[in-house]
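Please read the points below with the model open beside you.

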Amino acid sequence: MNSLSPRAAVGLFLIVVLAWGVNWSVTKQIVQFLPPLWTSAIRSWIALAGLFVILGLSKNLVIPERRDIPVVLSVALLHMTIFSVLVAAGVRFLPASKAIVLGYTTPLWVAIAAPLLGKDTLTSPKLGGALLGLIGLFVILNPASIDWTNANVVLGAGMVILAAISWAANIIYIRAHRWIGSPLQLLIWQVLVATVVLTGLAVVTDGLPQAEWSWSLALLFLYSGLIGTALAYWAMSMVNKSISALTTSLGTTGTPLIGIASAAILLGEPIDMSLAVAAGLIVTGIGLATLGDRLLRGQATASG
């Protein structure tokens with residue numbers, strides 16, 4: 001299956017947003033039993049097995065070309081390893097609802113950093129969107145929302161923001177890469193590299209995993225590995241073939257909103273005013289930067 005109908009693509013995209021949003025609450029629960037490195041490593045092993053089956057059935061298992069190795073390493077290390085571990089570490093000390101809002105500041109860092117690196121043009125919509133997002137960041141980090149006297153809370157917030165910056169760096173590199181294989185074909189190799197690195201780091205740092213295993217913990221891992229990672233990555237690759245990048249960029253702003261709702265339902269986390277205002281500002285900022293910049297480019301193209 002190489003493409004989807006518009007209706008199927010939108011339906012699959014909604015599943016991706018839901019899966020990613022809920023996955024933050026799931027990760028919050030898993031790290032109460034295992035260290036962040038083992039949380040990410042075990043989830044990655046499960047995702048690797050799931051993707052092997054999915055890509056094998058869809059005949060997308062190929063050996064990557066040498067020129068695609070840098071992008072395989074970039075995604076594996078910056079996103080699937082550094083982002084994953086920093087989020088798992090940060091969410092131990094933060095409510096999942098606040099962590100996901102901080103984690104989804106990634107497009108704002110892309111909008112700020114890409115022009116500075118000469119990889120894009122800083123347009124007025126991007127600047128306005130970035131400023132709105134940064135105001136939202138200050139709102140969620142204000143002392144009434146984040147306890148600055150608690151070193152662990154401050155450390156957790158810092159780690160999630162660093163995770164977002166790492167993901168942004170990966171996005172900037174991906175945009176500049178000239179792909180030989182498709183993102184879907186390279187996906188399993190990215191997960192394989194991340195799995196090996198995560199497992200090695202976990203063994204060296206924490207030794208063999210020590211946890212009180214239960215059916216609930218196993219189900220959390222199965223959700224996070226199969227639904228929140230393997231299925232979501234595959235589905236997003238399929239969606240990107242079928243609907244516009246603008247639609248997916250704007251649609252993913254719903255992920256932190258789903259994350260806040262799921263944290264309230266699954267974990268009983270309160271939705272305070274700072275969280276609601278910050279989420280609104282950051283989501284609006286991302287939407288403005290994305291939509292406004294695309295409209296300006298479309299007008300420039302139409303006018304020659």
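1. Helix α4 (residues 96–103) and helix α7 (residues 151–176) have axes that come within 8 Å and cross at roughly 35 degrees. Here the axes are lines fitted to C-alpha atoms, for helices over the stretch in contact, and angles run from 0 to 180 degrees between N-to-C directions. Helices (H or I, at least four residues) and strands (E, at least two) are DSSP runs, numbered from the N terminus.

2. On the α4 side the contact is made by Ala99, Leu102 and Gly103, and on the α7 side by Ala157, Val160, Ile161, Ala164 and Trp167, where contact means heavy atoms within 4.5 Å. Sorted by class, the contact of α4 with α7 has seven nonpolar residues, one polar residue and no charged residues. In this sorting Ala, Val, Leu, Ile, Met, Phe, Trp, Tyr, Cys and Pro count as nonpolar, Asp, Glu, Lys and Arg as charged, and the others, Gly among them, as polar.

3. Please keep in mind that this is a predicted model, in which local features need pLDDT of at least 70 and side-chain atom pairs count only at pLDDT 80 or more, while totals for chains, interfaces and linings use all residues. Residues are numbered from 1 along each chain as its sequence is written, and side-chain values use heavy atoms, with hydrogens and water left out.

4. The largest nonpolar core has 67 residues, of which Leu94, Val101, Leu102, Ile140, Leu141 and Trp234 touch the most other members. The largest share of this core, 10 residues, comes from α7. A nonpolar core is a set of buried Ala, Val, Leu, Ile, Met, Phe, Trp, Tyr and Cys residues joined through side-chain atoms within 4.5 Å, and buried means under 20% relative accessible area, with exposed over 50% and partly exposed in between (1.4 Å probe, protein chains only).

5. Which residues does Leu141 touch, not counting those up to four places away in sequence? They are Leu102, Ile146, Trp148, Ala157 and Ile161. A second, separate core of 15 residues includes Val26, Leu34, Leu37 and Leu198.

6. Ile100 is found in helix α4 and counts as buried because its relative accessibility is 0%. Not counting residues up to four places away in sequence, Ile100 touches Gly21, Trp24, Thr255, Pro256, Gly259 and Ile260.

7. Ser262 has its place in helix α11 (residues 254–267), and with a relative accessible area of 8% this serine is buried. A polar atom of the Ser262 side chain lies 3.0 Å from the backbone oxygen of Gly259. Leaving aside neighbours within four places in sequence, Ser262 is in contact with Gly21, Val22, Ser25 and Leu267.

8. Glu269 and Pro183 are 86 residues apart in sequence and 36 Å apart in space, C-alpha to C-alpha.

9. Ser274 is found in helix α12 (residues 273–302) and is buried, with a relative accessible area of 18%.

Terms used. A polar contact is a pair of N or O atoms within 3.5 Å; within protein, one must be able to donate a hydrogen and the other to accept it, and residues adjacent in sequence count only if both atoms are side-chain atoms.
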